[in-house]
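Me: I would like to go through this structure with you. Could we start with the overall picture and then turn to the details?

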Amino acid sequence: GRNAEALPPPPPISCAPSFLARFPLRRVGLGRKVGGSLQAESWAASPHGQRAGTPGTRPPGPHRARSRSVAAGSCPWSLARLRSWNPGRNSSRAAVVGRGDALRLESSATFHSLLIQDGGILVFADGVEHPITLRARSILVEDGGALYVGSAHCPYRSKAIISLYGKATEGADVEGYGKKFLGVGRGGVLELHGRKPRSWTFLAKTLHPGGLPYGLYASEKRWSSRGLNVRIIDAGTAQVLAVDRFDTHLLVDENHRLRDFFACQPPGRVVAVAVGDSAAKSLTLETRLFLENLLHSRHILHLRYRQPWALVGILGGDISSTVEDAEQSQGNGTTRLTTVAKEFKTYGGVGFRVTAYSGWIKGNPLYLHMGEIIDGVDMRAEVGLLTRNILIQGEMEESCYGPNHCQFFSFDTFGGQIKIQRNFASVHMEGVELKHMGQQILGSYPIHFHLTGDVDEKGGYSPPSYLDNLAIHHCFSRCVAVHGANGLLVKDTIGYDTLGHCFFLEDGTEQRNTFHHNLGLLTKAGTILPTDRNEAMCLSMRKNVYKDYIPIPSSDCMAVSSFWIANPNNNLIENAAAGAQDVGIWYIFHHVPTGQSEGQYPAGQAELTPLGTFHNNRVHSNFKAGLFIGKGVKTTKASAENPREYLTVDNARFRPHQDADPEKPRVPAVIDGLIAFKNNDHGAWARGGDIIFRNCGFADNGIGLTLASDGTFPIDEGCSLEVTHSIFVGESNNAGSQGGQNSYWGRGANGEYRTLPRNKTFPIRGFQIYDGPLKMTKCTFRKFIPTADRHSSAIGFFLKNLWQISPQNNVSLVRMERSVGLKVFFGKPGQWFGHNNHDGDKVSIFHDLDGSVTGFPGTFVGRADNYLIRHPGCLIAPRWNGVICAGKYAQLYIQARRPENLTLSIARTAYHTRPLRLQGVNRGVSYQQYQSVVMLEQAYIVQWNGRAPEEVILYPINFNRGDWLMVALCYPKGTEFSVVGDIYQRQTGKAHSVMYYMATSSLQGVLNGTGERRFYFNSSSGYLFVCLQAREVRNGHSYCSQHGCERLKITALMAPGLPWNCAPNPFLGKDRSSKILFPATGQCKRTFDTSLRTDLLQLTRPFSLLQVNDELFLFNSQGILFLVVDACSGAVLSRRHFDPASTAEHAILQSTTKGLMEQILEK
């Protein structure tokens, strides 16, 4: 919309085409600039004229009208049996088109209501000079009635408007439909087929605030599209033969060049012409008359300043070979766009379409709009076209009134609605604009497929039902509601500036629907469901809660999403969701079907259903998250037990299995090609398993990606979460713009101002670990640089985490670029982290398989103050607040009953003065649960901050067969015990392989090598000693073996009043040990308060224990364990086990022993 500078005089015209393009045609034209644009598309011809499904074409199949009223391939307005109908305007008339009526509406009409039924047909006339507007309070098509505006083979070329009027306070509802509607009932046919422009695309280059004169646009400005843009195309081969532009706005001489150009073109070629910006100022009358005669144009003679005009025709053809359109000139007014298209066939029978666009856009952009890939992530802005030549609209009042929730909205929200009911005959809509549609009433939406069941071939619909190339904007409740419908295709559709969930699946039963290349923008809060509401609505609308319950907005409501997917068995392909108040795409789970679909599937089926296709979707600029997988809706009414409203946000976990059967194998849910950037909180959050993210890009999010497991032990059997071949960017070169919806603006790591997530102190994380197990491989991190205001790390952890973290979390083949200033961060007390002392905070850990994070292959990375995992060989990483340790790690899961409110203290004997204190997590169960990460083959001490629980169950989690721990638990002296081992089968809730442990008189008896299960209670110290060992084989990421989870159940009978305090370390001072004292020598450079001591406890095979100072080394394998200890510091320098039964190791042992003896003799 900006004038370009004067162009140099063009070269003289010659009869050779100025540009040649010798290539098979797919799409050609001027690209994606504002202004005149021309496009050709091709598709493979078929017996029914169907396209092969290339990008930008109609979907395969739906091109034959299902109604017998209009023959396949014919244009509905040309049927011979149609009678002209010009009914005029009568707002009190209830019009009926019924049996024997076949009417062609040729002029605008107004009714109170219109009923099309009993085989009656109403067709909008095409080729009329003025738009045809049909106004009514209601339009109902049923019982064999049919309404046609164009057809799949003959798109409507003129302007058609269906305008629904009426106020919410006027008249009575029509049963099943309400008010102000276009309804399709049983046997009804609705065929709306307008011209199909390119619905939406991406900016080709970055558009800076204020307009064009920036950066790369400097050269583009000199070669703008102003004037008449012309393409000449060979009709037989679909090749573009000539491309030129004639600036008839500024240069009079361009008229002569234009006439010479056309004079050189032979007849029979396809011509496409479009105005860019303006072409009228210097367009002479002679040239106008020349083009009027040559192209059979109706508009060129009166073309005005900045009037959009587009034409496609055949040189030398008659008037029927030309299609054109021109929007009314607006001078310096608002945006105006027009599009025309015509289909052709090559000599070989291959169909192609030539499309011409013309438009003018007023004003300059206020904000930065990216048009390029930044730091490896595609951040191009979406550009959509909101106008279509078929318009369905609601007529609105100037302001809110009556029962329309005026406390929340200042404007009228009682728009029109389209409702399609079960057993309709045929519904197809394409090239349609919907404006001011929807009502803040349950079930009254812009387009609503209501309990229709299967709407594709499975339901007997051929071609299947579809919505294609729709523009739904400024609407008042949703965009497209799919309610109890399956198999619907929604394609190339825009939902812009709407209230409530936009593309919406309602009851949880909806499956096999496909959302392909749709755009959801600016999805705002509505009132209909709790999940639609913002904070103010959530707190105010309490009619359906139990008694005086006050909702918690952040957890009960505040979930409005551009795509609300209530069943995973649906397909999302190449969609974009941006600017939602809460979430771009949300997969939500109904534990049981809700609403009118209640009882249609068994409890939990949706959570078990495999994911449909998820491919190349993009989510950006959303507040809560770009993509959210997890949570559910409350499926019970408000009650004293649960006072929250029906359908508020609730807990659910996605665990897809084959055939939705938990007894069958898991089916990984694959998130392929997700792009997530500038989402305020999360780029993506996914809870469940198995879930795989691959080929994804995350940039400028508060947190790029969080993966949370299906559940926790012992509820689920263990699952897999994975991210692979993906990129994470902390602060990209896309600085964004201040203002608009960008709430946070501050200095970035490079010192320049930019948009920020949450606020300037929020700790940015690329990949966030919550619990696990999870796997990251072949991923790249860049530009995570901490500042004085905030921590920014490539890998981080869930803040204030109450939950357990699995040591099976692993990372490999990761690339940390030099721009990563902080690879890992475990948090520290302060803002956002709180005290950083929740159970999950303390046990944070992951496994660096190949050293690509730490530089040390096979090491584990944990929090620095967790002495359950530390040993002298660990490396401290102060900036990470972490340690890097080699070793074998698993989890010790402890359940406690009676009481359930104790704090557990667990310490490894080597660091018995550094215990880990766990508060436990009691999530609505009858026990308290604690889960620590432990180093295997070590001894641990368990104490409580009160008298021990009467029942304690120990589970070895992630133990491989043969892994073991020695555990000492503190009890009151005089306690009597029952200790039972068994295997708990999670699916059945039953135990098998029960083994009763027998008491023994010494610790040596616990460590016997006979395989007998024994426990030892030292009545003087108050410690119960048990050995926890895995005897079953565990596979993959499962917590336990396939036979179930091994466990040790300890029941204690404690007399009241007995003391329960125990010594800090029961493993010190044991008898039957060999003690060797090493006094400090003169060669040491420092003295010690106590002498260095090594205790050797030689116990009955297969267990032995070595202790250096307070550090224990337990082993149960045949052979000899060597420790090398620094005699000055007491540090264990190395350890190695040898098995003399092995010939190779026997030779190594002999060599090693000889070498050690020689060194000793030398000294």
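Reply: The secondary structure of the protein comes to nine helices and 82 strands. This is a predicted model.

Me: What share of the residues counts as buried?
Reply: Of the 1163 residues of the protein, 58% count as buried. As for contacts with a separation of 6 or more, 69% of them are between residues 24 or more positions apart.

Me: What is the average pLDDT?
Reply: The average is 86, and 84% of the residues score at least 70.

Me: Where does pLDDT stay under 50?
Reply: One such stretch is residues 16–68, for which the model has 166 contacts beyond four places in sequence. Another is residues 212–223, with 17 contacts of that kind. Where pLDDT is low, the predicted coordinates should not be read in detail.

Me: Turning to helix α3, which of its residues are buried?
Reply: Helix α3 covers residues 285–295, and its buried residues are Thr287, Arg288, Leu291 and Leu295.

Me: Why do they line one face?
Reply: Viewed down the axis of α3, the buried residues fall within an arc of 100 degrees, so they line one face of the helix. An α-helix has 3.6 residues a turn, so residues three or four places apart point the same way.

Me: Which exposed residues does the face turned away from the buried side carry?
Reply: That face of α3 carries Leu285, Glu286 and Asn293.

Me: Is the link of Cys75 and Cys154 left-handed or right-handed?
Reply: The link is left-handed, with -70 degrees about the S-S bond. Cys154 counts as buried because its relative accessibility is 11%, and the cut-off for buried is under 20%.

Me: Which cysteine is joined to Cys479?
Reply: A disulfide joins Cys479 to Cys502, with 2.0 Å from S to S. This link is left-handed, with -105 degrees about the S-S bond. Here too the pair links distant parts of the chain, 23 residues apart: Cys479 is in the loop between β29 (466–475) and β30 (480–486), and Cys502 is in the loop between β32 (494–499) and β33 (503–505).

Me: Are these two cysteines buried or exposed?
Reply: Cys479 counts as buried, at 0% relative accessibility. Cys502 is likewise buried, at 0% relative accessibility.

Me: Why is Cys475 too far from Cys479 for a bond?
Reply: The closest cysteine sulfur to that of Cys475 is in Cys479, and because the two are 6.9 Å apart they are too far for a bond. A disulfide would need the sulfur atoms within 2.5 Å. Cys475 is buried, with a relative accessible area of 2%.

Me: What about Cys1040 and Cys1045?
Reply: A disulfide joins them, with an S to S distance of 2.0 Å. With 95 degrees about the S-S bond, the link of Cys1040 and Cys1045 is right-handed. Cys1040 is buried, with a relative accessible area of 9%, and Cys1045 counts as buried at 10%.

Me: Now the sheet with β67 and β72: what is the strand order?
Reply: Six strands form an open sheet in the order β67-β64-β69-β76-β71-β72, with antiparallel pairing. The strands β67 (928–935) and β72 (990–996) stand at the edges with a single partner each, so one side of each is left without a neighbour in the sheet. From one strand to the next, the twist averages 25 degrees.

Me: How many bridges pair β64 with β67?
Reply: Strand β64 (residues 889–897) pairs with β67 over eight bridges, in the antiparallel sense. Ile894 stands opposite Tyr930 in β67.

Note on methods
Residues numbered from 1 in each chain as written. Predicted model: local features only at pLDDT ≥ 70, side-chain atom pairs only at ≥ 80, totals over all residues. Heavy atoms only, no water. Buried < 20%, exposed > 50% of the residue type's maximum accessible area, 1.4 Å probe, protein only. Helix = DSSP H or I, 4+ residues; strand = E, 2+ residues; numbered from the N terminus. Arc of directions from axis to C-beta. pLDDT = per-residue confidence, 0-100. Contact = heavy atoms within 4.5 Å. Pairing = 2+ DSSP bridges. Axes fitted to C-alpha atoms, helices over the stretch in contact; angles between N-to-C directions.
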